[in-house]
Amino acid sequence: DPQQLELATTSKRKLRRFIVLDEVVDKLYGSKIREYFEENNVQHKILALPTTEETKSMDVVLNILQEVQDFSIDRRTEPIIAIGGGVCLDIVGLAASLYRRRTPYIRVPTTLLSYVDASVGAKNGVNFLQCKNKLGGYTPPVASFLDRSFIQSIPRRHISNGLGEILKMALMKHKGLFDLLKSHGKYLLDTKFQSCSGFADHRDAALQTTRIAIETMLEELAPNLWEDDLDRLVDFGHLISPELEMRVLPSLMHGEAVNVDMAFMTYVAHARGLITTEEKEQILQCMRGLELPVWHSGCSWALIKRALRERLKHSGGQPRMPLPTGLGVAEIFNDTTEETLERAYKLWVRD
């Protein structure tokens, strides 16, 4: 808004910002962030918090809101800034949506997973009664600022974790992205998604991969931002994984749990005759190349049945099961029998 911009730049009133920072990010970048606000003469309050799946609760939201109230912000011109991984962005998004009914907020993702997933879309939320994201809403940020240089400081396992969500989009919507992951997966892990000169054979694999992943995610989410249509390809890998992830915390990260789910569903697609044996093997080989788990002992047949029952409760009584029908193409299915699921499960466990 040009008027607001002029007001902000000509106003005698000092610029003010409230920032929520993941505590790990604070250790790595806290001094730089503080220096930035000080150099730009911005009055600021930085709240550093542990933001993990275990701490992702309404208590943390209320703690943030208490601090926001104490700092006192103008909800029209002083957006709350969230800097951290997906959990941090989810928590702050919910807090902002509640404060005075809706306060603008900005997402700054610092992990690969949040860069390609949590930075896109409108959802926010916290865990409740041991259920993932049971409390939440749909409040999009006013902006997401993407900077891949944050990713260079995260551990290799976290890079792999983010690759799980990128692979989801590749399998559902983009054969070219799948080929990129297959050819450049190890390189992306080794270089931590930084754009490196002197690797002509890889071109800029990091930029291509993240851009395609975000563009395909936007294509899928933008027409259905509030999830009015429950048939969603982006739910691939998210039918069983919420139950699995919460059950085995903290042994699986989000992208890893999603990948275990995707590996099982790849067997389901094969059992239904939707993909060939060669395509199934290509998918599993790509997953292993990205250093993602293709199985977990916590993913029992009983857990799968329970997770799919839960799925029916919040998807209009239909499973709405996204399955690959080739590499980079997919459809939603409602007619997968329990017999097919069990046969796929036995083959998965055997392999």
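Two residues are in contact when heavy atoms of theirs lie within 4.5 Å. By that criterion, in this predicted model, 20 residues of domain 1 are in contact with 27 residues of domain 2.

**Domains and their interface**

The domain assignment of the protein places residues 2-152 in domain 1, while domain 2 is made of the segments 156-195, 203-223 and 231-350. Taken over C-alpha atoms, the centres of domain 1 and domain 2 are separated by 29 Å. Between the two domains an area of about 1900 Å² is buried, and carbon and sulfur atoms give 68% of that area. On the domain 1 side, Leu112, Leu113 and Arg148 lose the most area to domain 2; together they make up 32% of what that side buries.

Polar interactions between the domains were counted as well. Four residue pairs, both members at pLDDT 80 or more, are in polar contact between domain 1 and domain 2. The rule for salt bridges finds one across this interface. In the model, the side chains of lysine 132 and glutamate 245 meet in a salt bridge, with an N to O distance of 3.4 Å.

Three elements, α5 (112-118), β5 (123-128) and β6 (131-138), each supply at least two residues of the side of domain 1 that touches domain 2. Of these residues, the largest share comes from α5, which gives five. By residue class, the side of domain 1 that touches domain 2 divides as eight nonpolar, five polar and seven charged residues.

**Aspartate 261**

Which helix holds aspartate 261? The residue is placed in helix α10, which covers residues 254-271. Is aspartate 261 buried or exposed? Its relative accessibility is 1%, so aspartate 261 counts as buried, the cut-off for that class being under 20%.

Neighbours within four places in sequence left aside, aspartate 261 is in contact with Gly237, His238, Leu239, Ile240 and Ser241. With one of these, histidine 238, the separation is 23 residues in sequence and 6.9 Å in space, C-alpha to C-alpha. The side chain of aspartate 261 also reaches the backbone nitrogen of leucine 239, at 3.0 Å.

**Selected distances**

| Pair | Distance |
|---|---|
| Lysine 132 and glutamate 245, side chains, N to O | 3.4 Å |
| Aspartate 261 side chain and leucine 239 backbone nitrogen | 3.0 Å |
| Aspartate 261 and histidine 238, C-alpha to C-alpha | 6.9 Å |
| Centres of domain 1 and domain 2, over C-alpha atoms | 29 Å |

Technical notes. Residues numbered from 1 in each chain as written. Predicted model: local features only at pLDDT ≥ 70, side-chain atom pairs only at ≥ 80, totals over all residues. Heavy atoms only, no water. Helix = DSSP H or I, 4+ residues; strand = E, 2+ residues; numbered from the N terminus. Buried < 20%, exposed > 50% of the residue type's maximum accessible area, 1.4 Å probe, protein only. Polar contact = N/O pair within 3.5 Å; in protein donor to acceptor, adjacent residues only side chain to side chain. Domains from an automatic or database assignment. Buried area = accessible area lost by both parts, 1.4 Å probe. Salt bridge = Lys/Arg side-chain N within 4 Å of Asp/Glu carboxyl O. Nonpolar A, V, L, I, M, F, W, Y, C, P; charged D, E, K, R; others polar.
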